[in-house]
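Please keep the sequence and the structure in view while reading.

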Amino acid sequence: MHHGFVAALGAWRERPGPLARSLADAVREAVADGRLPTGTRLPSERDLARALPLSRGTVVAALALLRDEGWLRTRHGSGSTVRLPGRLTERTAPWSQDLGGAAGTALDLTLAVTAAPHDAYLAALARATGRAATLLVDAGTAGPGLPRLRALLADRYTRDGLPTRPEQILVTSGAQSALTLLLDQLHTDRRRPVAVESPTYPGALAALRRRRARLLPLPVSAPDGWDTDRLEDAVRTGGARLAYLTPDFHNPTGAHMSGATRARVARLPLTVIADETMRDLDLRTPPGTEPHLAGPGVIQIGSAAKTVWSGLRIGWIRTTADLVRSLRANPLQALLSPPPLEQLVACELLADDSGFAGVLADRRARLRAQRDHLAHLLDGTGWTYELPQGGLTLWLHLGTGTRAVDLTTRAAARGLAVTPGPHFAADGTTLVHHLRLPFTATAQALDRAVRLLRECLAD
């Protein structure tokens, strides 16, 4: 055991500074990259001093640092075990943004992602493992999704006012997989253009461009900025028969589609893929109760990536039972199906109604506070935005005197990575004065990001 612990620390003695701090940093980094699992029981102080080798006083000092920073739990008579500090597990901000936000290192805000709800996820994983025995005696081949998960998802839609049967659900390995499968099935005539919001999710644009789809941009601005007249024109004169829309907390503007706009969209002779990945990230108090964008031509796709964790590769399609059967016959479906154990974890999270409601309430509260903190930091910059009612990002207009690509280049030279507006544009060239800033980082990381952007403004 001592040899394994020492090996996990690597060449820690080569670090500059006091030995106690170097040892403490080595233990922390070994936990961070998985060489030293949480729950590992450390050797005694005497044994550590002998194995390293170090004076016992240096070992005591290093363990004290780790204990004070929350990386060790010590119980009298039971020794010390490695743990993660509460400041990491009791929040939504990814730890990697902390590591990237240290002085002199890069801070990456190009992704709008969260950490997992730590305790709830670990508990669901443990329950899922306990239920895995029956899966292991079966083939484990790809299918439409575990029956229990399809039933849970169907029940969620039904309780939201959209009656749904389990056979109307197809489980995929994320919303991107759901979109890819649907485009392969539905976009068979490349002469027909596809209506798509601009700005919109870059992953959707990438999937459409890979199919060489001709795109008809539909301008969107917060808070309810869908140009429905433009969409109707795209159908009647542009020939569009397929559209990709994000009605519930649009990425990146945070716009939320009104009931009147939903009704107009639903009446169009158009197949609409409605991306509801952000639907649960409603930051209003209290959250709203708007119905789903629904109608004969509307297909809903969803995901656990934003509400739970990007590492839980669970998405789904809600459509007609006939289309689900057709999608199952598509050769891509097996490739885009998630592993059974991940589906079991999703089942355990969704089946616990009160527990999952608590997870959502906690995440909404933390994201709301981070959103408001970021908005406050932007006071005095001259940049404009609509405070989003949901989602994970602010969509900033920098003014006509500032080009987003130039600003992001200057920011990168200072150690900050952010995404300029053209990355979200259907034509890849417009939105040159816009910038997306996620509020998924800690307040300290957001402080540093805005400070660096202000420095760029002053250049």
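## The nonpolar cores

The largest nonpolar core has 32 residues, and Leu416 and Leu437 are the ones with the most contacts inside it. The model is a predicted one. Several elements each supply at least two residues of this core: α17 (353–377), β11 (393–397), α18 (404–413), β14 (434–438) and α19 (443–458). Of these, α19 gives the most, with seven residues. Another core lies apart from this one; it has 27 residues, among them Leu146, Leu153, Leu162 and Ala346. In soluble globular proteins, nonpolar side chains tend to be buried together.

Which residues does Leu416 touch, leaving aside its neighbours within four places in sequence? Leu416 is in contact with Leu107, Leu109, Thr408, Ala411, Ala449, Leu452 and Leu453.

## Strands and their partners

β11 and β14 also belong to an open sheet of three strands, in the order β11-β14-β13, with antiparallel pairing. β11 and β13 (419–420) are the edge strands, as each pairs on one side only. The pairing between β11 and β14 is antiparallel and runs over five bridges. Within this region, Leu396 stands opposite Leu435 in β14. Strands of a sheet pair through backbone hydrogen bonds, either parallel or antiparallel.

Elsewhere, strand β4 (residues 169–172) runs antiparallel to strand β10 (residues 315–318), and four bridges join the two. Val171 stands opposite Trp316 in β10. Are the residues on the two faces of β4 buried or exposed? Both faces are covered: Ile169 and Val171 on one side are buried, and so are Leu170 and Thr172 on the other.

## A buried histidine

His187 is found in the loop between α10 (175–186) and β5 (194–198). Its relative accessible area is 4%, and because this is under the 20% cut-off, His187 counts as buried. Leaving aside neighbours within four places in sequence, the contacts of His187 are Leu182, Arg192, Val194, Arg211, Ala213 and Leu242.

## Salt bridges

The count of salt bridges comes to 29.

| Salt bridge | N to O distance |
|---|---|
| Asp25 and Arg21 | 3.1 Å |
| Arg50 and Asp47 | 3.0 Å |
| Asp248 and Arg262 | 2.7 Å |

Asp25 and Arg21 are four residues apart in helix α2 (residues 19–32), so about one helical turn separates them. Asp25 is buried, with a relative accessible area of 17%, whereas Arg21 is partly exposed at 29%.

Arg50 counts as exposed, at 56% relative accessibility. Asp47 counts as partly exposed, at 24%.

The salt bridge between Asp248 and Arg262 has an N to O distance of 2.7 Å. Asp248 lies in the loop between β7 (242–245) and α13 (259–267), while Arg262 lies in helix α13, so the pair ties together parts that are 14 residues apart in sequence. Asp248 and Arg262 are both buried.

## The chain as a whole

How many helices and strands are there in the protein chain? There are 19 helices and 14 strands. The radius of gyration is 25 Å, close to the 23 Å that the globule rule gives for 459 residues, so the chain is as compact as a globular protein of that length. Along its principal axes, the C-alpha trace spans about 80 × 65 × 40 Å.

Buried residues make up 51% of the 459 residues. The accessible surface of the chain comes to about 20300 Å², and 54% of it belongs to carbon and sulfur atoms. Among contacts between residues at least 6 apart in sequence, 71% join residues at least 24 apart.

Methods:
Residues are numbered from 1 along each chain as its sequence is written. This is a predicted model: local features need pLDDT of at least 70, side-chain atom pairs count only at pLDDT 80 or more; totals for chains, interfaces and linings use all residues. Side-chain values use heavy atoms; hydrogens and water are left out. Buried means under 20% relative accessible area, exposed over 50%, partly exposed in between (1.4 Å probe, protein chains only). Contact means heavy atoms within 4.5 Å. Two strands pair if DSSP finds at least two bridges between them. A salt bridge is a side-chain nitrogen of Lys or Arg within 4 Å of a carboxyl oxygen of Asp or Glu. The radius of gyration is taken over C-alpha atoms; the globule rule is 2.2 Å times the number of residues to the power 0.38. Accessible areas come from the Shrake-Rupley method with a 1.4 Å probe; for residues, only the protein chains shown count as cover. A nonpolar core is a set of buried Ala, Val, Leu, Ile, Met, Phe, Trp, Tyr and Cys residues joined through side-chain atoms within 4.5 Å.
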